[in-house]
Amino acid sequence: MSVLVVPEVLPGGALAASSAGLLAAAAAVGEPVALIACSADAAEAASAAAADLGAVRVLTAPTPGDALTVPVVDALAAAVAREQPELVLASHAVESRDALARLAARLRMPLATDVVGVERDDLGVVARHSALGGAFAVTGAPTFGPLLATLRPGAVEGRLPAQPLVRTELEITASGARAGRIESFAETAAPSSRPELRGAAAVVAGGRGVGSREDFALVERLADVLGAAVGASRAAVDAGYVPSSAQVGQTGVTVSPRLYVALGISGAIQHRAGMQTAGVIVAVDKNPDAPIFDIADFGIVGDLFTVVPQLISALEAHKK
C-alpha cells in the first residue's frame, strides 16, 4: 500500500531538511509516494530531489504562487483519490499543518499532529506521540479511513536509497474555495553557516543562566564547534539575549535532534515540551535540583563559564 508524503518545497525547488526523515518514516508503513505541490518552475528540481531521497513515484501539482493553502488542499484531495493511501504524511510545519487540517475537514479523515513516529501493526497504521511535555508516550490509531499525520522534524532519522524518477502530473479539479492571496513579499536574507534550528541534528541552547547577550556568544561558540544550531529558552528570549526565532519549547520551536546541549536552562515544563524527545540530552547548570537534570542523559552541576570553555578546548583539540 502507498503512503502519500508531502515534503516542503523551498524556493528554487530544493526540499526542506525534514524531507529525508519524512520519506524514511513513510517507508516503515508502505510505499512512499511524494506529492510535489509548488510552482511549475520549481517542480522539476523538487521532483528529482524527492526521487533522490527515496520516493518510488512522484506526483506533481503546479500551484499558483500567490494563493495560500487552498490549491495545495485541492492537490492533496486529487492525490488521495488517485492513490487511496493508508497514510498521508507531512512535516509538522505551519503550511503543512494548515493544509492537512483543511483536508481532514474536507474529506472527513482522521488527523494526528506532531507525531514522533509512525508504524504498522496487525490492524493498520499506528502513530506515536510524545504527550504532556514528554511525560507520556502515547500510541494512537484511526478507527476509520486513512490517517493524516504531521511528523515532528528530526523525530525520525535515516535516508532511503535513491530511486529513479517516475513522475506523473495530477489532474486537479479546483474546489473554488476562497483562498488568501499574497500581494507582495520581501525576502529577508539571514546568511549563517549554522544549520536551521527546526530539524537540526544537534542543538546547543542557552537559558537565563547565561546572563547576558554578550555572554550568549559562549553558547554560539560551542554550537559552531559542534556544527549545531543555536536555541534558547523563553527566559533567554524574553531577556533579549537572542531573537524569538531561537526559542525552543511549547510556545517556540519543537526539536528532536540527536544531541541537545542545555546551558544555564533550568528545564521548565514548557521548555522540556519542545526538546524532550532528543536522542541525547546534556545539561550544564549550577543548581543541582534543576528539573533539566531529570531528563538529561548527562548532567554537569557547575558554572557554565568554567565548564563550557573546557569543553570547547577539548573538542577543538580532538579535531586536530
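Analyst: A residue counts as exposed when its relative accessible area is over 50%, as buried when that area is under 20%, and as partly exposed in between. Asp238, at 58% relative accessibility, is therefore exposed. Please note that this is a predicted model.

User: What does Asp238 pair with in a salt bridge?

Analyst: Its partner is Arg234, with an N to O distance of 3.5 Å. Both residues belong to helix H6 (residues 234-238), and because they are four residues apart, about one helical turn separates them. Arg234 is partly exposed, at 48% relative accessibility.

User: Why does that spacing matter in a helix?

Analyst: An α-helix has 3.6 residues a turn, so residues three or four places apart point the same way.

User: How many salt bridges does the structure hold?

Analyst: There are 13 salt bridges. One of them joins Asp74 to Arg106, with the closest N and O atoms 2.8 Å apart. Asp74 is in helix H3 (residues 70-83) and Arg106 in helix H4 (residues 94-107), so this pair ties together parts that are 32 residues apart in sequence.

User: Is Asp74 buried or exposed?

Analyst: Asp74 is buried, at 8% relative accessibility. Arg106, by contrast, is partly exposed at 34%.

User: And which residue does Asp114 bridge to?

Analyst: Asp114 forms a salt bridge with Arg152, where the closest N and O atoms are 2.9 Å apart. This pair also links distant parts of the chain, 38 residues apart: Asp114 is in strand E5 (residues 111-115), while Arg152 is in the loop between strand E9 (147-151) and strand E10 (167-169). Asp114 has a relative accessible area of 18% and is buried. Arg152 is buried as well, with a relative accessible area of 3%.

User: Let us turn to the sheet. What is the strand order?

Analyst: The order is E5-E9-E4-E1-E2-E3-E10, an open sheet of seven strands with parallel pairing. E5 and E10 are the edge strands, each pairing on one side only. On average, neighbouring strands are turned by 25° against each other, direction ignored.

User: How many bridges hold E3 to E10?

Analyst: Three bridges join strand E3 (residues 57-62) to E10, and the two run parallel. Thr60 stands opposite Glu169 in E10.

User: Which strands does H4 touch?

Analyst: H4 packs on the sheet and touches strand E4 (87-91), E5 and E9. The direction of H4 makes about 170° with that of E9.

User: What is Leu89 in contact with, leaving aside neighbours within four places in sequence?

Analyst: With that exclusion, Leu89 is in contact with Leu4, Val5, Val6, Leu22, Ala25, Ala26, Val118, Ala149 and Leu151.

User: Which residues of H5 are buried?

Analyst: Leu218, Val219, Glu220, Leu222, Ala223 and Val225 are the buried residues of H5. Their cover includes E11, strand E12 (229-232), E13 and helix H8 (304-319).

User: And what follows H5?

Analyst: H5 is followed by Gly227, whose phi is positive, near 65°.

Notes: Residues are numbered from 1 along each chain as its sequence is written. This is a predicted model: local features need pLDDT of at least 70, side-chain atom pairs count only at pLDDT 80 or more; totals for chains, interfaces and linings use all residues. Side-chain values use heavy atoms; hydrogens and water are left out. A salt bridge is a side-chain nitrogen of Lys or Arg within 4 Å of a carboxyl oxygen of Asp or Glu. Buried means under 20% relative accessible area, exposed over 50%, partly exposed in between (1.4 Å probe, protein chains only). Two strands pair if DSSP finds at least two bridges between them. Axes are lines fitted to C-alpha atoms, for helices over the stretch in contact, and angles run from 0 to 180 degrees between N-to-C directions. Contact means heavy atoms within 4.5 Å.
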